[in-house]
Each structure stands twice: as structure tokens, then as C-alpha cells.
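Let's take a friendly walk through a protein model together. Keep the picture in view as you read, and look up each residue as we come to it.

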Amino acid sequence: TEAIAALLQSKKAEEGVKVDGIRVLLEAGGNPFSSCFEDDKSAVQIACFESSTKVLKALIKTGQNELRSQQQQRRRDPKLQKQPETFFRTIEATENRQMNFALKHALAECLVRGHYHDNDSQNLYLELAVVLYQHGATLEATDLMRLIRGAKSFRAIQHSLENKDKMVLFSTAKQDDNDCIRTAKRCFVATYHHNYPSGSKTKIVNAMERSNLSYNSHLLCRMPWFNECVKDAESFCPWISTESRYSSNSAPSKEQDIAASKEVLLITNDEQKILAHASILAARSVKLASAIRFAKISHGADIPEIRLDMDVNLCKLWLQHLYHGSLVCFAKEENEVRKDLLNLMLVAEESLCPSLIQECELRLLSSKPAKTCFCWSCCNTVGSPSSLNADEKDLDDLLFAECMVYVEGPSRLISGSSALDVLSICQYFMESASSTGKQISYNIDILAPTLTSACSLPPSSDKKVLSKNSRTRMNAIHALHAIAIQCIFLNFSNVIQSQAFSDSMEWNILSTEQIEDAARLQQILLLRTCLDELFNSCLPTLLL
């Protein structure tokens with residue numbers, strides 16, 4: 001094992017000599033994952049700073065093959081045949097843990113050094129990091145926090161080249177309980193508005209008066225297309241499930257019928273037609289209100305027509321939120337749910353409906369995205385804006401009620417295969433806000449639970465209680481962006497195999513010989529971008 005380190009650090013040995021020497025030494029019993037060198041570094045860590053990607057690949061691949069071969073030979077050893085299965089599993093678990101530990105720490109140091117070195121060294125370290133990811137190196141959420149702390153130490157003495165090359169960037173000490181608490185399941189708490197029915201004279205809403213907000217939901221349950229949705233996909237809103245059973249036998253009162261009698265015909269891009277109540281749509285979206293007025297003036301028809309750039313499935317989900325204040329039934333496949341939520345965020349942005357954007361964000365952050373309802377009946381608290389937020393005196397509490405909802409992480413829908421899709425949507429919203437000079441107008445509170453209890457808010461919780469227990473307040477789109485960045489670090493090998501990553505490459509203009517180099521450069525660029533976000537954005541705030 002010591003000979004491996006000497007070979008790696010040799011300035012005279014050529015790359016091919018190092019590769020051949022590594023294979024010979026490992027076959028002779030060397031262990032590249034053992035931490036027996038200066039500062040408890042393994043041969044894998046030394047290879048990251050003394051050799052090329054080709055040498056590192058040979059070291060890891062040969063080391064992993066030799067380890068598997070040793071484990072198989074141990075199981076076939078006649079002298080050990082009578083040992084129980086737990087005997088082999090215990091030894092193999094220790095060996096695998098040592099290997100994963102060495103790969104993890106080498107990866108962490110490559111990431112930190114890749115971020116802070118100059119361009120040439122940066123590309124080399126990030127390329128080495130990609131190699132480590134591809135050969136099984138992984139990070140956990142607690143590792144990201146320790147990585148951030150290591151980066152701060154690196155910057156503190158960056159002027160000293162000698163110390164910068166020798167310092168320990170990633171502590172090998174056992175993680176403490178605080179790290180575990182910070183990465184435990186979080187609650188994401190938000191408030192948004194439910195509109196009062198047209199003509200309502202109610203000013204204050206409390207827990208006993210939620211039914212004052214139910215009229216639009218009653219109308220939704222009486223629509224044939226919605227009843228078909230509930231039959232095809234079971235509703236996760238208890239109120240809707242109960243009401244839909246009796247909707248065919250009941251009707252709204254005569255006065256309310258008059259208030260909602262003016263209808264609008266929505267035509268989707270697949271030429272499906274849906275009738276909706278113009279007053280309800282106009283109340284939830286300023287842009288829809290303008291479109292309805294324009295349609296009435298242009299066509300002069302009793303029922304104005306509006307063409308929508310969305311298919312009928314997306315339109316029905318969109319209308320669920322406009323009427324009920326929450327989505328209530330989804331496709332059963334998680335991939336379809338995620339796709340619908342991302343598309344709905346774009347629809348909501350186009351139609352100027354920020355409450356739908358926020359609902360989609362919360363569902364993307366949630367561990368139960370298709371099992372939680374945010375409507376006036378299911379939300380945690382409901383009240384007038386003045387009773388929940390005294391700072392917003394300019395809001396008209398005659399028009400809507402303010403509701404508090406929370407979801408519990410970790411995200412079920414943001415994974416290695418989907419993180420880039422989520423990240424691109426977040427970047428679109430953030431760049432759009434930056435170019436227009438408008439701030440995204442809503443925030444969420446992030447609560448970190450203890451190790452022994454999941455997050456929960458009592459039904460009577462209010463702003464004062466929340467402020468005392470709040471982990472931090474963050475713009476909702478920034479929180480979603482941070483979680484996507486975190487997911488990329490923790491699942492990088494899956495990310496670079498995802499369809500979204502493949503779609504980012506212009507394969508049609510590349511020759512067969514160029515594809516591998518182009519993919520490698522794209523992987524390095526992705527890592528560099530995520531490192532900038534990790535060390536310079538709100539992600540440290542979310543983690544620490």
C-alpha cells in the first residue's frame with residue numbers, strides 16, 4: 001500500500017507506468033482505500049492531487065475489482081464454509097464502508113479545490129470529481145454542510161499555497177447530532193389566499209366559518225368534466241370526496257346562480273371545450289379578467305370564447321385550483337405528477353396566478369405531493385389577512401381569506417432523473433424576475449424538526465407562534481432551486497444519465513469521437529454551476 005503512494009507521487013514515472021504499476025501492486029495485496037498516509041489520506045485521495053484521470057480510473061476500478069475478488073474468495077474458502085452468513089456480511093460491510101469513505105472524502109476535496117483554483121486546475125479537479133461520481137462516490141446532506149465549512153476554511157488561508165495544498169478540507173470526525181437535525185425532515189410553511197364568492201358581505205373568517213368559502217367549490221363539483229376526473233383519479237380532498245357524492249342532487253341558491261351566471265367557453269390547444277364561470281376565473285387572474293372583457297367586446301356573443309395554449313388535462317388541473325384553491329386529483333404515476341406540476345407553474349406564470357405557482361412549489365417540496373389538499377377546508381388555519389398578517393394593511397380583506405398550509409419534506413418528486421427539469425424551471429422564474437425588476441411576491445418559512453419528532457403545526461398556530469419556531473424565511477422559488485441543487489450533488493451519477501441531461505447536448509452535430517469529450521465538458525460545466533450555487537447562494541442558509 002505504501003508503494004502505491006510512492007508511485008503516485010513520483011514525478012518521473014509516466015502515466016502508463018503508473019497505471020501498470022498500480023495493477024501489479026493491487027494484485028499483490030495493496031489497498032487503495034486504506035487511510036494510512038499523511039493526514040489519514042488514502043491512495044485514492046493522493047491520486048486526485050498527484051495524477052491524471054486515467055490513473056485515478058485505473059486505481060479505483062482495479063481496487064474495486066480486487067476487493068470483490070477477495071470477498072468472493074473468502075466465501076469459497078473451505079476453512080470458512082461453516083461460518084454463518086453474518087460473519088461474511090460483517091467483514092464485507094466494513095470493507096465497503098472503508099471504500100465508500102475514501103471515495104467520499106476524495107470527492108469532497110476535489111469539489112472544494114475545483115471551485116477555488118484557477119481555470120486549468122479547476123477543470124482537472126472537476127473532471128476528477130466526475131470520475132469519482134461515476135465510480136460510486138456519493139455525498140449525503142450532512143456531507144454538504146461539512147463541505148461548506150471546509151470551503152470557508154479554504155478561503156481563509158487561500159493566499160498560502162503551502163497550507164492550501166496540505167490542509168484537511170473535509171473533516172473525518174464523526175458527525176454530530178446537530179448535523180443530523182439540520183438534515184432531518186423539514187416543514188415548508190406558506191400562506192395564500194382563497195377568494196370570497198361574489199357578493200359576499202362576510203369580513204372575518206375563522207375556523208368555524210370556513211363554509212363561507214365553499215360556494216366556488218360547490219360549483220366545481222357540479223361540473224360534468226370534474227366528476228369524470230374524480231372518478232378516474234381518486235380525490236385526496238375529504239370535502240370534495242363527500243360533496244361529489246351528492247352534487248347531482250343539489251343546486252346552488254337562486255341568488256348565487258345569478259351572481260355566477262355569466263360563463264366563458266375555454267378552448268384548449270387540442271380543440272376540447274370547457275364551460276367555466278367568468279366571474280370566478282376573473283377573480284383569480286387579472287390576465288384572465290382582461291381576456292374575458294376583450295372576448296366580450298370582440299365577439300359580442302353571450303358566451304365569450306378564449307383559446308388556451310394548453311391541453312385539456314392541464315386545463316382541468318388549472319381550473320381545479322381556480323375554483324377550489326387546490327388541486328384535488330392527479331395522475332397516478334409520479335413522473336406524470338411532476339410533469340404536470342412543472343407545466344402548471346408555467347401556465348400559472350402566464351395567467352398571472354401566483355397562488356398556483358406556490359402550490360406547485362410546495363407539492364414539489366413535499367414528501368406526499370399527491371396526497372395533500374391546500375383548500376379552504378383542508379388548510380391548517382384560515383382567517384382574514386388582517387388577523388394573520390398585520391403588516392399587509394393595503395390588502396382588501398373583503399375579497400379573500402388568508403390560509404396557512406404546510407408540507408413535510410424531503411421531496412418525493414425531485415430526484416436525480418428530474419433535478420435538471422426542476423432546476424431549469426426555477427432558473428426561468430428567477431431570470432424572469434430579474435429581467436423585469438419584479439420580486440416574486442411570496443415567501444415560505446422553513447422549519448427544522450428535532451431528531452425525535454416530525455414537524456407539525458397545531459391547528460391554532462398563528463404568525464407569532466410560527467416566528468418563534470421558524471428555521472428561516474426564504475423566497476419559495478429560491479427554496480425549490482436550492483433543493484434541486486442539493487439533489488444534483490447527492491445524485492450526480494443519476495443526473496448525468498437523465499433524459500434532461502441528454503437533451504441538453506446537441507448530439508446531432510457531433511461525431512462519434514466528439515460525443516465522449518462533449519459529455520465530459522458538459523458534466524464539468526454542470527458541476528461548476530452547482531458549486532457556484534452551493535457556496536454563493538441561499539443553499540448554505542437552507543442547510544446551515
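In which helix does H115 lie? You will find H115 in helix 5, which covers residues 85-116. Before we go further, please keep in mind that this is a predicted model.

Stay with H115 for a moment. Its relative accessibility is 13%, and because buried means under 20%, H115 counts as buried. What does H115 touch, once residues up to four places away in sequence are not counted? The list is Q122, L531, D532, F535 and N536. With D532 there is also a polar contact, made between the two side chains at 3.4 Å.

Now step back and take in the whole chain. It has 26 helices and 8 strands. Of its 544 residues, 49% count as buried. If you take the contacts with a separation of 6 or more, 75% of them are accounted for by residues 24 or more positions apart.

Next, go to helix 1, residues 2-9. Here I4, A5, L7 and L8 are buried. Where do these buried residues fall when you look down the helix axis? They fall within an arc of 165°, so they line one face of helix 1.

Let's turn to the aromatic rings. How many aromatic pairs does the structure hold? There are 7 aromatic pairs. One of them joins F236 and F330, with 6.1 Å from centre to centre and 25° between the planes. The pair counts as stacked because planes under 30 degrees apart are given that name. This pair links distant parts of the chain, since its two residues are 94 residues apart. F236 is in the loop between helix 11 (224-232) and helix 12 (238-246), while F330 is in the loop between helix 16 (312-324) and helix 17 (334-350).

Look at F49: the charged end of R113 sits over its ring, 4.8 Å from the centre. In another place, R363 lies over the face of F374, at 4.5 Å from the ring centre.

The strands deserve a visit too. Strand 2 (residues 263-267) and strand 3 (residues 273-277) pair in the antiparallel sense, over 5 bridges. Which residue of strand 3 is the bridge partner of I267? That partner is K273.

Our last stop is S498. Its place is in the loop between helix 23 (492-495) and helix 24 (499-503). At 6% relative accessibility, S498 counts as buried. Which backbone oxygen does the side chain of S498 reach? It is the one of V495, at 2.6 Å. Leaving aside neighbours within four places in sequence, S498 is in contact with G416, S417 and L420.

Conventions:
Residues numbered from 1 in each chain as written. Predicted model: local features only at pLDDT ≥ 70, side-chain atom pairs only at ≥ 80, totals over all residues. Heavy atoms only, no water. Phe/Tyr/Trp six-rings, centres within 6.5 Å; stacked < 30°, edge-to-face > 60°. Helix = DSSP H or I, 4+ residues; strand = E, 2+ residues; numbered from the N terminus. Lys NZ or Arg CZ within 6 Å of the ring centre and 35° of its normal. Buried < 20%, exposed > 50% of the residue type's maximum accessible area, 1.4 Å probe, protein only. Arc of directions from axis to C-beta. Polar contact = N/O pair within 3.5 Å; in protein donor to acceptor, adjacent residues only side chain to side chain. Contact = heavy atoms within 4.5 Å. Pairing = 2+ DSSP bridges.
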